[in-house]
Amino acid sequence: MKKLKQRFGQYVRIFKGVKLPWVMLVVVLLIYIVESELQLKSTTLTADIIDGTQQAIRLDKLVDFILVMLGTAVVGFASTYLSNWTYQKINLGVRNKLWNKLMHLPARYYDGESGDTLVSRVTTDASQSYIYFHVVINLITAVYAAVVALRQMLKYSPVLTGYMMFIVPVIAVMGWGFGKLNFIAGKKNQVSFSQALGYLVERTRNLRLIKAARMEYAEQQTAKVLFHNQFKASIWGVFSSSSSVILIELLSAASMIVTFVVGRNMVTSGEITIGKLLGFYTISGMLAVRLIQLMLFYGQLKQGNGRMEKISEILDAPEEKRDGTPLDIADCDIIAEDVAFSYDARAALQDVSFRIPKGKITAIIGSNGAGKSTVFKLLERMYDPAEGQIRFGDTDVRSFELTSWRQSFAIVSQDKPLLSGTVRENILYGVRRKVSDEELEHVAKLANIFDFVMATPGGFDAQVGVNGSNFSGGQRQCIAIARAMMRNPDYLLLDEATSNLDAKSEQMVSQALKNLMAGRTTVMIAHNYSAVRDADHIIVMKDGKVEAEGTPDELMQTNEYYRTFATKAG
Amino acid sequence: MKQKKVSPGAGNWRGFFRLLGKIDLPWLAIAVAFVVETVYNQILLSLPTTTASLMSGSLEDSALRDAVIYYISYGVVVTIEMAILGTTCRLAVRNARNKLWGGMTRIRMDYYDSHTPAELTSAVTNDLEESVRLLVSMMIALLPSLYYLGSAMATIAEYDWLLVLSVLLPLPLRYIEMVVVGRWNYRTQAGIYQRIGVLTGYLAERVKNLSLIKQFCTEEQELENGKTASEDLFKANMSATKVSSISSGVSTVITVFQQIVIVFFGVILLQNGRIDISEWVAFFMFSATISSRFITLVQNWQSLKSIQGQVARAVEVMEAPQEQTEQEAKAAAGQAPTSASAAEIAFENVSFSYGEKQALQNVSFTIPAGSITGIVGLCGSGKTTMLNLLERFYEAGKGKVMLGDTDVKTMSFSELRGKYSYVQQDAGVFSGTVKEILTYGIRRQVSDEELTAAAQRAGAWDFIQTLPAGMESPIAADGQSLSGGQRQRLVLAREFLRGADILLLDEPTSALDASTAQAVEQTIFSMFRGKTVLMITHDMSLLHDMDQILVMKDGELVGQGTYEQLLTGCPLFREMVRSQQNKEVTCG
């Protein structure tokens, strides 16, 4: 019970601060009720008309009937449109709240998670936010309609209604069973689908390997098993829907027997007219539908819960601490002191101490997994150290305002991410002042992009494409360099900025980088000596620790790793 | 956006038949489903006549009994019908998937390269699902449905021919509504879904680049962007709703009109005494099912048109040029497969182009068995193309690629590719246990000792031991849970176990950092001593020890010889050595 309350609280929190369309929710509820009233009305009218035909046609009833049908059409339109509007509005609210949250979460939160899962939180999962409201509104409507139908049945004949009540528990149990079966079938389907999808996504990416390894036939066999599993799972769905049909049909046969066997004597004795008996029969069917509907809500809720739980996890996560004193001191050395840090269980940095001298070029070298990129993340304050501290001069960096701290850094990394939009938008990304065309051109020339941007149709207003795909790797990197220049940062972090480029592009990028580095404190992660040659200060890392630190000359004498690194240049 | 004209011309019908002809339809199940469907329709036909007397107020024993028996038997039959129809359709989907994927694994590389993996994946998953299901259910239900319509009409015609008229009269209106509104609906929705796709893509891109947003402190700006995108998404969804609710509104109004016509006719005939009350009730029930059947038929017709694109894609993949299988190759040659004796490789005046783009021009060279050859050159100079031709991922345009004294074209794919070990730039491994990765593509029993030995030689044994379940530890999709060096070492161990004579390496260390790369390179040379090795590399320092180096430029072989020879004889090589100075470079 306590757990339930906790859960409920969790779900309510999702909507805290979201502006909900309460008025429209009420309107939708009312429309749903009117809809169910009209449905009932049309049934009783049909009963009246058939009754009437015994003697003569009741034209007035016929007109009523037509009016009710037309009313149903109009109300049906209104209910679809308005309910969708309301539900989409709720989704919108939650999506915005989620987005807001994502912007302010610490990097730790999404670093481990793959981008795709987060994307589906914002897009797919958020589009289910309305589900609780949907279920509640439908629940009220269903209860209302069930009560009204029951009342109408009682009006026709209390005795018959009494007999009918024997069938109600059966319907309830059935509805519950279907809900369960549906849920299981849906789950099985989803599991087998994602297995097959995962398999196919992986294989279609590297068909070459299959061919080179001559595994065509074996892969066909593997896929066969997966496709067969998918088939078996989908049979659950077939089973659940067809078994629901037979049960419903049997039930309606049972209620037919009850109605007509009991009702027959009542008609003979004049307690009820035939038309009313038929009406009773139809309405009892409507009651059954409503009851089954009630039972199905359980499954819907459960499905929604899964998604909402993930959303509420994100919404409940603590945000980045952003406040502090603005960073207005002149450049200082950055000093790490006994810093330890770990992602989950894995220790990434242990007892790390180093100095980054202001105005100099510092290079961090070491093999993969030595902790170089983690150092960058700590410098940018994407993470805070678990132990020890990073100081700016004498001040712990944590005491500075986060935005002003990050704004004094620019990072250029090998994955050169651009965002879709124009070249201009990318260069000016994050710049909060007005930038003149002259300045833009000047920066573009320094970053070596002016010529090829001008040669592109649209120039600075050309679209870069998703992830910058309209430009080559080297060009993307140079645009990223122009973007960094535009921010005019005091500190520059280069994460293998020239790797994965061919010789020609590398030359272009190196030149641009040189212009960027002029007059700034630079920290670079490098894998080859040529990038390190100009460094004033070297930090050698190994297995999450600093192995050595010093000038190139010092290290040449004292450090084996650096010596190999430098001499391999051959 | 260009609108594709939607008219089911003869070509499209052929597309449907071609698809159906290719997917191993479960004929037995279809036949059974067809029979059941027919029985179901027959029973449905007797619904109005068996229940009419009860519904029109007769309380005779027989009327009640008939109705109850009818409902029970109807329930049973409809359940069987649903189960069998559903199962048959899904069986067909499964078979079609097997077939399509089978074709895809044998598809020729040129076709593969011109399609994104996502397209291929969705061809197997989404495209097939809907289209095959629809086509097969149409195959089963179309005739019984027409039979039902005909018989129902005939029955009510027996009551009075005017009744038939009242049912038929509103149908053209209904047809027009469905075609016109349906088309409008389809078109608008397509536009809207495209918009939704763009917006979703926008949000996705930002979410994937959250670190960038933090680095640039653009949280507030992106917050606004995201809000605008969500707002647009809301609007797009609403336009979709508007369109669909207007369509359904129009449809409801027409239904009402239909009912009015039917009631009007019925009531008049009833008053004139041309039909009696139970016939009126039976007619009323028939009219409802007839129009719903008609709607279903037209809907299916519409959906058939809308799946044309999907069907075309599936058919395209199925009919795409495929590589011969071993058996086919043998049958075609009518002889025992030729076998290349030595592991000597020769290119004789080979030219090749990808479509318009010339990739190799008149390239000739020989690589003696057991020697080590390096291939260098700028990006796009044709280095990888040479490996592609050796593996016959592509066929040489002009000239011959020889293995020993045999043209590779005359060898079966399986035999040819069995001769190579192929190591890609970005180590290719599929998810699975370490053991599965190591034995991928190896067609003999490999003992645990042998596995361990290979892993040790490749320098993979140490980290395998640190994994929780050793050789049985699962490695996640794309081998992401391993570092690049570890993955590459697994690949080397696998290729070592394969024991092929020729080793093809396409920048095997370019994704690794310098020290790891060096270690992996050393492993390669010591492990595969004595084999014929062909290695594409950008690392000039590796070339010192090679027996021979090929220098490529713009698809032409501009230098061939040892390091020293080329240093004096090949200007491009000299320039590369000077400018590179041990930089790692790839074609990225």
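In the predicted model, helix H12 of chain A, spanning residues 372–379, is mostly covered, with 7 of its 8 residues buried. The buried positions of H12(A) are Lys372(A), Thr374(A), Val375(A), Phe376(A), Lys377(A), Leu378(A) and Leu379(A). After H12(A) comes Arg381(A), which has a positive phi near 60 degrees.

Helix H19 of chain B comprises 15 residues, 484–498, and its first and last C-alpha atoms lie 21 Å apart, close to the 21 Å expected at 1.5 Å a residue. Because 14 of the 15 residues of H19(B) are buried, this helix is largely enclosed by the rest of the structure. Gly499(B) follows H19(B) and has a positive phi, near 65 degrees.

The largest nonpolar core contains 104 residues, of which Leu98(A), Ala363(A), Ala447(A), Cys478(A), Ile479(A), Ile481(A) and Ala482(A) touch the most other members. Helix H17 of chain A, residues 473–487, gives the most to this core, contributing 8 residues. When residues up to four places away in sequence are not counted, Ala447(A) touches Cys478(A), Ile481(A), Ala482(A), Met485(A), Ala512(A) and Asn515(A). Another core lies apart from this one; it has 76 residues, including Ile375(B), Val520(B), Val551(B) and Leu557(B).

The domain organisation of each chain was also examined. Chain A is divided into domain 1 (1–157 + 303–320), domain 2 (167–271) and domain 3 (334–567). The centres of domain 1 and domain 3 of chain A, taken over C-alpha atoms, are separated by 50 Å. Contact between these two domains involves 4 residues from domain 1 of chain A and 5 residues from domain 3 of chain A. On the domain 1 side of this contact in chain A, 1 residue is nonpolar, 1 is polar and 2 are charged.

For chain B, the domain assignment gives domain 1 (10–159 + 306–323), domain 2 (161–274) and domain 3 (345–580). Here, the centres of domain 1 and domain 2 of chain B, again taken over C-alpha atoms, are 25 Å apart. In the contact between them, 5 residues of domain 1 of chain B meet 4 residues of domain 2 of chain B. Helix H6 of chain B (residues 117–159) supplies the largest share of the domain 1 side, 4 residues. By class, the side of domain 1 of chain B that touches domain 2 of chain B consists of 4 nonpolar residues and 1 polar residue, with no charged residues.

Methods: Residues are numbered from 1 along each chain as its sequence is written. Chains are lettered from A and ligands numbered from 1 in the order in which they are written. This is a predicted model: local features need pLDDT of at least 70, side-chain atom pairs count only at pLDDT 80 or more; totals for chains, interfaces and linings use all residues. Helices (H or I, at least four residues) and strands (E, at least two) are DSSP runs, numbered from the N terminus. The expected span of a helix is 1.5 Å times one less than its number of residues. A residue is buried if 20 or more other C-beta atoms lie within 10 Å of its own, exposed if 12 or fewer, and partly exposed in between; C-beta atoms are placed from the backbone. Domain bounds come from an automatic or database domain assignment. Two residues are in contact if their C-beta atoms, placed from the backbone, lie within 7 Å. Ala, Val, Leu, Ile, Met, Phe, Trp, Tyr, Cys and Pro count as nonpolar, Asp, Glu, Lys and Arg as charged, and the others, Gly among them, as polar. A nonpolar core is a set of buried Ala, Val, Leu, Ile, Met, Phe, Trp, Tyr and Cys residues joined through C-beta atoms within 7 Å.
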